[in-house]
Amino acid sequence: MEYRVTVMPGDGIGREIVEGAVKVIKKIEEKYNHKFNINYADIGGIAIDNHGTPLPEETIEMCKNSDGIILGAVGGPKWDSLKGEDRPERGLLNIRKELGLYTNLRPAIVYEPLKNASPLKPEIIGEGLDICIVRELTGGIYFGEKGVKEDGTAYDVLSYNEEEVKRIAVKGFETAMKRGKKLTSVDKSNVLESSRLWRRVVIEVSKDYPEVELNHMYVDNAAMQLLINPTQFDVILTMNMFGDILSDEASMITGSIGMLPSASIGEKYGLYEPIHGSAPDIAGQDIANPIATILSAAMMFKHSMGLPEEGTAIEKAVEKVLNDGIRTRDIHTDSTKLVGTEEMVSLIVKNI
Ligand SMILES: NC(=O)C1=CN([C@@H]2O[C@H](COP(=O)(O)OP(=O)(O)OC[C@H]3O[C@@H](n4cnc5c(N)ncnc54)[C@H](O)[C@@H]3O)[C@@H](O)[C@H]2O)C=CC1
Ligand SMILES: CC(C)CC(=O)C(=O)O
Ligand SMILES: [Mg+2]
């Protein structure tokens, strides 16, 4: 079959890690006899430099004309003094909104050979960790009205309507049904009105999923529980900002933020992106971990292209390389072999 893939490297380490995903896609093409037509598009800081906007029209068009989209990351110190609407990060927020990508799946898995790369004690991780954060991605405080008043007061409005909560809650329960049938809905309903709506709607939706065990947790407690008892979780369902923060925290349990892929999905399109940012502190040094982006490509094959075997082949290749003791700097420990970004990619490609 023939598929169109839009690739948006973005800024900082985006170029290095996305190149890794492209090599993996090409290996899948060769091995499984598919045709992937890959087109590159600008987003973020590079788009500001080349087109004067963080999200050019042609990028949106190209994304809408593809079967799968890969994104690196956006942002960096070069653009940090720009106004909110003009910043690289707006490009990412706007493409999510434009494509209706309201579900963000962020699986956090502790791979057996990486147990000792986790900052948590082995007894806390126990048999292993395999959780999935289902984050609402196109609503909440990142998209609410914002501004600075005459007296200098700055504000960002956090609001959700019933429909927005309902559709992401459905995705949360559907995800739980395919996994361990346990869902923890994370909110701040002891303080926030929008969270009280969230909790009420989640309870309503839960009636359609009697097999799923549902519990509720305040976000401050959830942040703590992830550190003292992370294996209690199966699916965490939460709103945009809480999911953003909790997934960075969960990523460290797995050894590094460079390990966590994500799928940003709507009714029509799918965009696949690592959860981390553009890491300007390590950009251009061949030390970034490409695994999060490569595993994001695996999610693209599974979720957007109906190619589960190809997705699993990538995951297995990543596991093999980790089992062989190959590590980028962020997950390197004594007795493992330190490699750069490019070598990590080559070894994963070789094992597909
Ligand atoms: N999805 C996106 O495009 C995101 C963009 N950003 C942007 O990225 C820029 C940097 O933000 P930070 O807060 O520093 O977050 P970051 O996620 O870029 O980096 C945080 C820390 O993790 C490390 N790190 C990140 N990815 C890594 C990888 N693949 N391998 C090894 N180490 C890795 C970095 O070196 C840094 O020490 C900012 O402009 C921010 O707005 C931040 C988060 C998400
Ligand atoms: C707009 C992004 C910078 C938000 C973010 O950090 C993320 O989606 O992980
Ligand atoms: Mg984030």
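Serine 66 is buried, because 22 other C-beta atoms lie within 10 Å. Buried here means 20 or more other C-beta atoms within 10 Å of the residue's own; 12 or fewer is exposed, in between is partly exposed, and C-beta atoms are placed from the backbone.

A word on the source. This is a predicted model: local features need pLDDT of at least 70, side-chain atom pairs count only at pLDDT 80 or more, and totals for chains, interfaces and linings use all residues. Residues are numbered from 1 along each chain as its sequence is written, while chains are lettered from A and ligands numbered from 1 in the order in which they are written.

Back to serine 66. Where is serine 66 found? It sits in the loop between α3 (57–64) and β3 (68–73). Helices (H or I, at least four residues) and strands (E, at least two) are DSSP runs, numbered from the N terminus. Leave out residues up to four places away in sequence, and serine 66 touches Arg4, Val5 and Thr6. Contact means C-beta atoms, placed from the backbone, within 7 Å. For scale, take leucine 158. It is 92 residues from serine 66 in sequence and 32 Å away in space, C-alpha to C-alpha.

Now the whole chain. It has 12 helices and 14 strands. The radius of gyration is 20 Å, close to the 20 Å that the globule rule gives for 352 residues, so the chain is as compact as a globular protein of that length. That radius is taken over C-alpha atoms, and the rule is 2.2 Å times the number of residues to the power 0.38. The C-alpha trace spans about 50 × 50 × 40 Å along its principal axes. Of the 352 residues, 49% are buried. Take contacts with a separation of 6 or more: 74% of them join residues 24 or more positions apart.

Next, the core. The largest nonpolar core has 99 residues. Such a core is a set of buried Ala, Val, Leu, Ile, Met, Phe, Trp, Tyr and Cys residues joined through C-beta atoms within 7 Å. Residues with the most contacts inside it include Ala21, Ile70 and Ile294. Helix α10 (residues 291–303) gives the most, nine residues. Alanine 21 contacts Ile70, Thr293, Ile294, Ser296 and Ala297, leaving aside neighbours within four places in sequence.

How is the chain divided into domains? Domain 1 is 1–107 + 259–352, and domain 2 is 119–253. These bounds come from an automatic or database domain assignment. The contact takes 16 residues from domain 1 and 18 residues from domain 2. β4 (103–109) and α4 each supply at least two residues on the domain 1 side. β4 gives the most there, with five. The C-alpha centres of the two domains lie 24 Å apart.

Which residues are around ligand 2? They are Glu89, Leu92, Leu93, Asp244 and Ile275, where near means a C-beta atom, placed from the backbone, within 6 Å. Helix α4 (residues 88–98) brings the largest share of this shell, three residues. In α4, Pro88, Arg90, Gly91, Leu92, Ile95 and Arg96 are buried. Their cover includes α2 (45–51), α3 and β11 (263–265). After α4 comes glycine 100, with a positive phi near 65 degrees.

Note on methods
Contact = placed C-beta atoms within 7 Å.
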